[in-house]
Amino acid sequence: DQPLRRVLSIVQRWHYDKVMWWTLRDEKLLERVNTPVTASRDEWAEAFMDLAKLVVEGFETNDIRARLDAAQVPYGKEDKTISLLERLLGNTSAAEDIQKLNGLRTVQLLRSKAKGHASGREAQQLAQDALMEHETFANHFQYVCGQVANELEAIEKRMA
């Protein structure tokens, strides 16, 4: 359960430090986000839904845009949170080397495809891919949490 614990401890620290660029929207999510324990695709989808609500929805897009403006990094009006964060992280290196936040993108993708707008076929494919690569939904969830924890640490360094 380490990767999820890392994610939770990072966002709790941000919450207690009252960082400007992230807000805890619902304290109950800190207890609700759990690694799926069964082979249920619904439980797996629910875990990603809660993780997305906790982590991704917490980012303050206006603050991130203000930081991009200050750093004179261009972005589109339609750019969503994860794209903006990638631009901000990419600002530290060559422009073409925009860091991809694959963990956060996976969380958002699964949130919208597996749970939100469950078009059966695509959701089924995502579930099958997760199982093929990681054997269980729990392993897949922990793997993605590990990616997310690393990305959150990179974001935190950039925001400091």
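Charged side chains in this predicted model number 22 positive and 25 negative in the protein chain, and the centres of the two sets lie 3 Å apart.

**Overall fold**

The protein chain holds 8 helices and 0 strands. Along the sequence the pattern reads α-α-α-α-α-α-α-α. With a radius of gyration of 16 Å, close to the 15 Å given by the globule rule for 160 residues, the protein chain is as compact as a globular protein of that length. Its C-alpha atoms fill a box of roughly 45 × 35 × 25 Å along the principal axes.

Of the 160 residues in the protein chain, 43% are buried. Among contacts with a separation of 6 or more, 66% are between residues 24 or more positions apart.

**Aromatic pairs**

The structure has 6 aromatic pairs. Two of them, both involving W14, are set out below.

| Pair | Centre to centre | Angle between planes | Geometry |
|---|---|---|---|
| W14 and W21 | 4.4 Å | 75 degrees | edge-to-face |
| W14 and F59 | 5.9 Å | 65 degrees | edge-to-face |

Both pairs are classed as edge-to-face because planes over 60 degrees apart count as such.

What does the pair of W14 and F59 tie together? W14 belongs to helix α1 (residues 2-17), while F59 sits in the loop between α3 (41-54) and α4 (61-70), so the pair ties together parts that are 45 residues apart in sequence.

W14 and W21 are buried, and F59 is buried too. Ring pairs also bring in W22, linking W14, W21, W22 and F59 into a cluster.

**H140 in helix α8**

Helix α8 spans residues 137-159 and contains H140. Is H140 buried or exposed? Its relative accessibility is 8%, and since buried means under 20%, H140 counts as buried.

Which residues does H140 touch, leaving aside its neighbours within four places in sequence? They are W44, F48, L110, A130 and H134.

How values were computed: Residues are numbered from 1 along each chain as its sequence is written. This is a predicted model: local features need pLDDT of at least 70, side-chain atom pairs count only at pLDDT 80 or more; totals for chains, interfaces and linings use all residues. Side-chain values use heavy atoms; hydrogens and water are left out. Helices (H or I, at least four residues) and strands (E, at least two) are DSSP runs, numbered from the N terminus. The radius of gyration is taken over C-alpha atoms; the globule rule is 2.2 Å times the number of residues to the power 0.38. Buried means under 20% relative accessible area, exposed over 50%, partly exposed in between (1.4 Å probe, protein chains only). Contact means heavy atoms within 4.5 Å. Lys and Arg count as positive and Asp and Glu as negative; His and the chain ends are not counted. The place of a charge is taken as NZ of Lys, CZ of Arg, CG of Asp or CD of Glu. Rings of Phe, Tyr and Trp (its six-membered ring) pair if their centres lie within 6.5 Å; planes under 30 degrees apart count as stacked, over 60 as edge-to-face and the rest as tilted.
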